[in-house]
Amino acid sequence: MKDLKDILRRSVKNGFDLSFAKNYNDKKLLQALYDYLVKNYYFCSMENGIVYVGINIVEDIAEVTIKDKTMKVKSLTDKGFFEVLLSLFKYVKHLSSSIEEMS
């Protein structure tokens with residue numbers, strides 16, 4: 001359990017490394033993340049390179065940015081943040097497997 005807590009802390013503090021993405025492009029990855037989150041029933045909005053994520057239309061839970069091959073997430077509230085964080089882990093897995101399929 002301690003290892004899991006360390007992984008979660010590190011991902012929130014340092015962000016998710018996206019350097020494995022071929023033909024890396026901040027805007028395309030951010031748009032793909034937005035599409036992924038909407039498909040997974042999150043309410044999202046995008047403004048100035050930041051994706052705001054919520055579980056309802058009223059309250060945002062997190063803000064996500066992608067810059068310099070790193071996806072960073074910032075908690076705006078505690079309620080629901082863990083679920084959003086898990087979805088971001090799933091997105092990174094989805095992204096890496098879609099890249100492997102292209103190879």
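Biologist: Which residues touch the most other members of the largest nonpolar core?

Modeller: This is a predicted model, in which local features need pLDDT of at least 70 and side-chain atom pairs count only at pLDDT 80 or more, while totals for chains, interfaces and linings use all residues. Residues are numbered from 1 along each chain as its sequence is written, and side-chain values use heavy atoms, with hydrogens and water left out. A nonpolar core is a set of buried (under 20% relative accessible area, 1.4 Å probe, protein chains only) Ala, Val, Leu, Ile, Met, Phe, Trp, Tyr and Cys residues joined through side-chain atoms within 4.5 Å. Among the 26 residues of the largest such core, those touching the most other members are L33, L37, V53, V64, M71, V73 and L88.

Biologist: Which element gives the largest share of this core?

Modeller: With helices (H or I, at least four residues) and strands (E, at least two) taken as DSSP runs numbered from the N terminus, at least two core residues each come from α2 (26-39), β3 (50-54), β4 (62-67), β5 (70-75) and α3 (81-102). The largest share, seven residues, is supplied by α3.

Biologist: Which residues does L33 touch, not counting those up to four places away in sequence?

Modeller: Contact here means heavy atoms within 4.5 Å. With residues up to four places away in sequence left out, the partners of L33 are V64, I66, M71, L88 and Y91.

Biologist: In what order do the elements of the protein chain run, and what is its radius of gyration?

Modeller: The protein chain has three helices and five strands, which run α-β-α-β-β-β-β-α from the N terminus on. The radius of gyration is taken over C-alpha atoms, and the globule rule is 2.2 Å times the number of residues to the power 0.38. For 103 residues that rule gives 13 Å, and the protein chain is close to it, so it is as compact as a globular protein of that length, with a radius of gyration of 13 Å.

Biologist: Where does Y41 lie, and is Y41 buried or exposed?

Modeller: Although Y41 is not a glycine, its phi is positive, at about 70°. Y41 lies in the loop between α2 and β2 (43-47). Its relative accessible area of 71% is above the limit for exposed residues (over 50%), so Y41 is exposed.

Biologist: What is the relative accessibility of N48?

Modeller: N48, in the loop between β2 and β3, has a positive phi near 50° and is a residue other than glycine. N48 counts as exposed, because its relative accessibility is 75%.
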